[in-house]
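Have the model open as you read.

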Amino acid sequence: MPKLIRFSRKLLRFDFYFTALFPTFKIQKNLAMELQLSTPALLFSAITLMMLAFTNRFLAIANLIRGLHKKYLENPEQEIIIEQIHNLKKRLSMIKYMQLCGVLSFLLCVICMFLIFTEAQEAANYVFIGSMLALLVSLGISLIEILISTQALNLEIQDMEELFQKRSSGFWFKKDKNEN
């Protein structure tokens, strides 16, 4: 019996700390959570900042593709440019899906707020879960895109290393070259 009393006291302490940390959730007696209107509204700023970051990535990749296109027209035989274009094409596609999932998450947040406003609590809970899942998928794709972008940088480094190895005298900085 004392173990049960200790467990119930721990549960009450958890309930106190949880409601202190997350005041937008109300824990009912049957342990179901009720969303308040402010809960999905909190995601608005996070989703819009995430969408801004995705748009910046998109614009940076678009500029890189334009630059690589000019280099390719000058020297179509250079293999590293073709590899980079393939890499950027893959990243561009991933950014499209990241933005799609981000917009879906934003849309589901708005629908969730409407459902909370109309007091359709159970439907609002499911739509909020969908919104969170769309946000999670968007962040997961973003993580994969970051890993792919490091592969592109490794291609550049590999190309530079090959050029450095071809030099018989090794790598010199401009400052070092002027001193000799």
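R57 forms a salt bridge with E145 (a side-chain nitrogen of Lys or Arg within 4 Å of a carboxyl oxygen of Asp or Glu). R57 lies in helix α2 (residues 38-74) and E145 in helix α4 (residues 121-166), so the pair ties together parts 88 residues apart in sequence. Helices here are DSSP runs of H or I, at least four residues, and strands are runs of E, at least two, numbered from the N terminus.

E145 also forms a salt bridge with R91. That pair links distant parts of the chain too, with R91 in helix α3 (residues 79-117) and E145 in helix α4, 54 residues apart.

| Salt bridge | Closest N and O atoms |
|---|---|
| R57 with E145 | 2.8 Å |
| R91 with E145 | 2.7 Å |

How about burial? Buried means under 20% relative accessible area, exposed over 50%, and partly exposed in between (1.4 Å probe, protein chains only). E145 is buried at 2%, and R91 is buried as well. R57, at 23%, counts as partly exposed.

Now the record: an unreviewed UniProt entry lists residues 41-65, 97-117 and 123-148 as "transmembrane region". UniProt positions follow the numbering used here, feature names are shortened, and annotations may be inferred rather than shown by experiment. Residues 97-117 are 100% helix and 0% strand, with end C-alpha atoms 30 Å apart. Residues 123-148 are also 100% helix and 0% strand, and their end C-alpha atoms lie 38 Å apart.

This is a predicted model: local features need pLDDT of at least 70, side-chain atom pairs count only at pLDDT 80 or more, and totals for chains, interfaces and linings use all residues. Residues are numbered from 1 along each chain as its sequence is written, and side-chain values use heavy atoms, leaving out hydrogens and water.
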